[in-house]
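Dear colleague,

I am handing over the structure we spoke about, and below it you will find an account of what turned up in it. Please read the account with the structure open beside you.

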Number of protein chains: 2
Amino acid sequence: MEVFEAVKTVLATRSYLGTPIPPEITRRIVDAAHLTASSMNRQPWHFIVVEDPKVLKQLGGLARTGPYVADAPLAVVVVIEKTDFAVSDASRAIQSMILTAWSSGVASNWVGFFGLDEVKPALGIPGDLDVLAIIPFGYPVVAKSGEKKKRKPLREVVHSGRFGTPFA
Amino acid sequence: MEVFEAVKTVLATRSYLGTPIPPEITRRIVDAAHLTASSMNRQPWHFIVVEDPKVLKQLGGLARTGPYVADAPLAVVVVIEKTDFAVSDASRAIQSMILTAWSSGVASNWVGFFGLDEVKPALGIPGDLDVLAIIPFGYPVVAKSGEKKKRKPLREVVHSGRFGTPFA
């Protein structure tokens, strides 16, 4: 799928079919994260691939805003260093993963930011790192490709030349 | 360009041809930002399209890490609310813009995070907002599509099931 088409059509998805994600797609998703650019190329991140249904259930129980992680066939837990640009760097990597997955028909959603500290002991994550997000992935139960995104009017957030001059 | 191909090949680029960016590509770039998902759909962001060479020169003078903004035909200044998830939300929007532009042959780079406060008065940005980044866009002087990204080994940052178990 072409990039802008993916950006335009990708939808946050919270229910997944049980169908497993083929290993080559999982690999492409984490490759996309790994290849993303970061400030001063520091790559202050880790990505934990979780496919064990028991662990996915446990994560769904811990993530207050994402109980549906329990039913996904795959989740990537995004772990960051406690450094200045780690949140923005890892957010870019997450966007790369979400778009790459969507391009292969795999839907996802960003699960954060609450209750994630308890994920650390569950996955053996060192105390000096933070869990930024859990990204569950799966084939969507309902194909919603025609759904329209709800966004503020473009002229409210895109300005021309100067703040306050709407972009035509 | 297919999403993963864009993720794999996109390169941070700091020298641009003077060739202007066609309006439909500029529009697609800001559309990509505007359509990106954000935490609780709050869209805590603004995008200022700058194409005036005088203003681009001024921005290049202010952005300590990005003097090359001065020579770009286009820059998008990314402005965020001072709220909890604004950095991660806007970082996702920036990644959408960078990939969308690259897919049309337009290169870019993230310029931040220093010296950006002075951009606020220059562009009439209200004091209660922050400038997260300036993203200059342009056709690259040198096509570097074959260049290999320098990244940590995959097994160092991608884990299987548990932190510390390298992903094969």
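**Helix packing within and between the chains**

In chain B, the residues Arg28(B), Ile29(B), Ala32(B) and Ala33(B) of H2(B) meet Ala93(B), Ser96(B), Met97(B), Thr100(B) and Ala101(B) of H4(B). By class, this contact of H2(B) with H4(B) consists of six nonpolar residues, two polar ones and one charged one. Please keep in mind throughout that this is a predicted model.

The geometry of that pair can be stated simply: the axes of H2(B) and H4(B) come within 8 Å and cross at roughly 150 degrees. Since angles over 145 degrees count as roughly antiparallel, H2(B) is therefore roughly antiparallel to H4(B). The crossing in which H2(B) passes H4(B) is right-handed.

In chain A, H2(A) and H4(A) pack with their axes 8 Å apart, at an angle of about 150 degrees, and that makes H2(A) roughly antiparallel to H4(A). Here, too, the crossing is right-handed. From H2(A) the residues Arg28(A), Ile29(A), Ala32(A) and Ala33(A) take part, and they meet Ala93(A), Ser96(A), Met97(A), Thr100(A) and Ala101(A) in H4(A). Six nonpolar residues, two polar residues and one charged residue make up this contact of H2(A) with H4(A).

How do the H4 helices of chain A and chain B pack against each other? Helix H4 of chain A and helix H4 of chain B, each covering residues 86-103, have their axes 8 Å apart and pack at an angle of about 50 degrees. H4(A) and H4(B) are therefore oblique to each other, and their crossing is right-handed. On the side of H4(A), the residues that take part are Val87(A), Ser88(A), Ser91(A), Arg92(A), Ile94(A), Gln95(A), Ser96(A) and Leu99(A); they meet Val87(B), Ser88(B), Ser91(B), Arg92(B), Ile94(B), Gln95(B), Ser96(B) and Leu99(B) in H4(B). Divided by class, the contact of H4(A) with H4(B) has six nonpolar, eight polar and two charged residues.

**The interface as a whole**

The contact between the chains takes 55 residues from chain B and 55 residues from chain A. On the side of chain B that touches chain A, at least two residues each are supplied by helix H1 (3-9), helix H2 (23-35), strand S1 (45-50), H4, helix H6 (154-157) and strand S5 (158-160). The largest share of that side, 10 residues, comes from H4(B). By class, the residues of the side of chain B that touches chain A are 29 nonpolar, 16 polar and 10 charged.

How are the two copies related? Chain B is superposed on chain A by a rotation of 180 degrees with 0.0 Å of shift along its axis, at an RMSD of 0.0 Å, and that is the relation of a two-fold axis. The same surface serves both copies, for 100% of the contact residues of chain B recur in chain A.

**The fold of chain A**

Chain A has six helices and five strands, and along the sequence they follow the pattern α-α-β-α-β-α-β-α-β-α-β. The C-alpha trace of chain A spans about 50 × 40 × 30 Å along its principal axes. With 168 residues, a compact globule would have a radius of gyration near 15 Å, and the 17 Å of chain A agrees with this.

**Backbone details to look at**

Most residues other than glycine have a negative phi, and most peptide bonds are trans. Against that background, a few places deserve a look. Gln43(A), although not a glycine, has a positive phi of about 50 degrees, and Gln43(A) is found in the loop between helix H2 (23-35) and strand S1 (45-50) of chain A.

The peptide bond from Gly112(A) to Phe113(A) is cis, with omega near -15 degrees, and Phe113(A) is found in the loop between strand S3 (107-108) and helix H5 (119-123) of chain A. In chain B, a cis peptide bond joins Gly112(B) and Phe113(B), with omega about -15 degrees, and Phe113(B) is found in the loop between strand S3 (107-108) and helix H5 (119-123) of chain B.

With best wishes

Note on methods. Residues numbered from 1 in each chain as written. Chains lettered and ligands numbered in written order. Predicted model: local features only at pLDDT ≥ 70, side-chain atom pairs only at ≥ 80, totals over all residues. Axes fitted to C-alpha atoms, helices over the stretch in contact; angles between N-to-C directions. Helix = DSSP H or I, 4+ residues; strand = E, 2+ residues; numbered from the N terminus. Parallel < 35°, antiparallel > 145°, perpendicular 65-115°, else oblique. Left-handed = near helix turned anticlockwise from the far one by under 90°. Contact = placed C-beta atoms within 7 Å. Nonpolar A, V, L, I, M, F, W, Y, C, P; charged D, E, K, R; others polar. Least-squares fit on C-alpha atoms with pLDDT ≥ 70 in both. Rg over C-alpha atoms; globule rule 2.2 N^0.38 Å.
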